[in-house]
Amino acid sequence: MTDPADAVRPTVAALETIVSLAKRRGFVFPSSEIYGGINAVWDYGPLGVELKNNVKRAWWRAMVQERDDIVGLDAGILMAPQVWVTSGHVGSFADPLVECLACHQRFRLDELPGAENLTQTELADPTIVERLGLRHAEDGGVLTPPRRFNLMFKTFMGPLEDEAAVVYLRPETAQGIYVNFRNVRETSRKKVPFGIAQVGKAFRNEISPGNFVFRMREFEQMEMQYFVRPVEGARLAFEEWLPRRRAWYEQYGVAAERLRFREHAPDELAHYAKKAVDIEYRFPFGWKELEGVHNRGDFDLSRHAAATGENLEYFDPATEEHFIPWVVETSAGADRAAFTFLLDAYREEEVRGERRVVLAFHPELAPYKVAVLPLLKKRPEIVELCHRLVDDLRRDTMAVYDDTASIGKLYRRQDEIGTPWCVTIDVDSLEDGAATVRDRDTMTQERLPIEGIRRAILDRLAAARG
Ligand code: GAP
């Protein structure tokens, strides 16, 4: 039987379309490009940093600002190294690595053709490569048996570079939340159920990074740990958070049909998880994880309590019980989310015989909300009016002035970077004090008094926010 999800098409057939737009328009650049680049690290350009900041702000708004039961945190990237032993990452945060004996290239076993559907048990089996007769597809080289490759980056703290000075760059932000659990609960006086949210960098020495910003070695996570009563509390919280997190992507414009849930098989679960469901998106390279919702039980808090001897129990005054809270985690990648919004906003249309490329971003996510354009840049009075308006708009929102092309080209340029509204000031504006406001999606134009434009744009932004 065919899965209906197989019929869902991505917004662009070729990833290269987005990669080149992102480079050309200043969203994302290869890192250290003038040195030939560094694998799996990407830099955000002027528009990319706006997009990603807007994504993080929208997440914070939904997860902290609008909720009475969730507070924020910003913990260090470097943590006591013992944290990662306790959390299980030193022992278990590893992928199966194989090496081609002919060319010495290394691969993640589960990404090789013929090994994609292996279970975790099979992936750990030292005889699996030989049994399946797997070879390097390009040169036919013999592959080694899989070995566990730990994904954590190490560095040294202090002036001595010895084993005692090893610290890790965090591979997830979640542990910063667990080790601060008691501090945050006591200072915020929150009662279970409550959550702690954090946005920040994470690092993984991925064996096979790729697909642009989908899998990087340095990336950002947006994670929330929701502390609940054991067992039933976690079951209920999981059922609530899973659809809520999916709805967040839809609220900001991702088409429902390009999202789906996928539950992890028991032997696929991360070492800390009792249950995990991925929210997947239909990327040009297939259905892939966008965000994970995990029931982590009391795994982390119990282990940190045991390792430190600290009491991380919660006392419930209503039932007079002491217990270690269970945790439901929502774990999203800020880069992967920004990439998804970028992909899903992409449209190619034909308008009066010409190709129009549009990024139909939700206005909250668009890098610029409004562009102010002069119809005639040779008329100083028009240019001055434009500058006055753009300065006025900038007090509240991201606005840009552009006079470097004809008006038709300027519109196309703003369409391609997803600016929801363009304001054009022309010769008539000097007489009637009005300007033309053009809508990106409908391309309709309306004449509005210049002095009312800032209010009109802010009202439209508020309406889009809902
Ligand atoms: N705290 C749980 C955790 O880290 P995960 O499924 O390993 O769970 C959560 O990661 C999210 O972080 C993923 O859904 C993805 O959006 C993002 N992510 C993970 N590894 C990534 C990478 N190498 N590059 C970019 N984003 C990544």
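**Reading a pocket between domains**

Tutor: Start with position. This is a predicted model. The second largest pocket lies between domain 1 (4-88 + 169-342) and domain 3 (368-465), because both give residues to its lining.

Student: How many residues line the second largest pocket, and which lie nearest its centre?

Tutor: The lining has 15 residues. Nearest the centre are Asn-54, Arg-57, Glu-364, Lys-369 and Arg-465. The space in this pocket is about 290 Å³.

Student: Which helix gives the most to that lining?

Tutor: H2 does, with six residues. Helix H2 (46-65) and helix H15 (453-465) each supply at least two.

Student: How does the lining divide into nonpolar, polar and charged residues?

Tutor: Seven are charged, five nonpolar and three polar.

Student: Now the domain contacts. What does the domain assignment give?

Tutor: Three entries: domain 1 (4-88 + 169-342), domain 2 (94-150) and domain 3 (368-465). Take domain 1 and domain 2. Their centres, over C-alpha atoms, are 28 Å apart.

Student: How many residues of domain 1 and domain 2 are in contact?

Tutor: Seven from domain 1 touch eleven from domain 2, counting heavy atoms within 4.5 Å. About 700 Å² is buried between the two domains, and carbon and sulfur atoms give 49% of that area. On the domain 1 side, Ile-207, Ser-208 and Asp-267 supply 70% of the area buried against domain 2, more than any other three residues.

Student: How many salt bridges cross the interface of domain 1 and domain 2?

Tutor: The rule finds one. As for named pairs, the side chains of Glu-111 and Arg-215 form a salt bridge, at 2.7 Å from N to O.

Note on methods
Residues are numbered from 1 along each chain as its sequence is written. This is a predicted model: local features need pLDDT of at least 70, side-chain atom pairs count only at pLDDT 80 or more; totals for chains, interfaces and linings use all residues. Side-chain values use heavy atoms; hydrogens and water are left out. On a 1 Å grid over the protein atoms alone, a cavity is a set of points where a 1.4 Å probe fits but cannot get out, and a pocket is an open set with protein on both sides within 12 Å along at least five of seven lines; lining residues have an atom within 4 Å of a point. Grid points are joined across faces, edges and corners, and a volume is the space filled by probe spheres set on the points. Helices (H or I, at least four residues) and strands (E, at least two) are DSSP runs, numbered from the N terminus. Ala, Val, Leu, Ile, Met, Phe, Trp, Tyr, Cys and Pro count as nonpolar, Asp, Glu, Lys and Arg as charged, and the others, Gly among them, as polar. Domain bounds come from an automatic or database domain assignment. Buried area is the accessible area (1.4 Å probe) that two parts lose on being put together, summed over both. A salt bridge is a side-chain nitrogen of Lys or Arg within 4 Å of a carboxyl oxygen of Asp or Glu.
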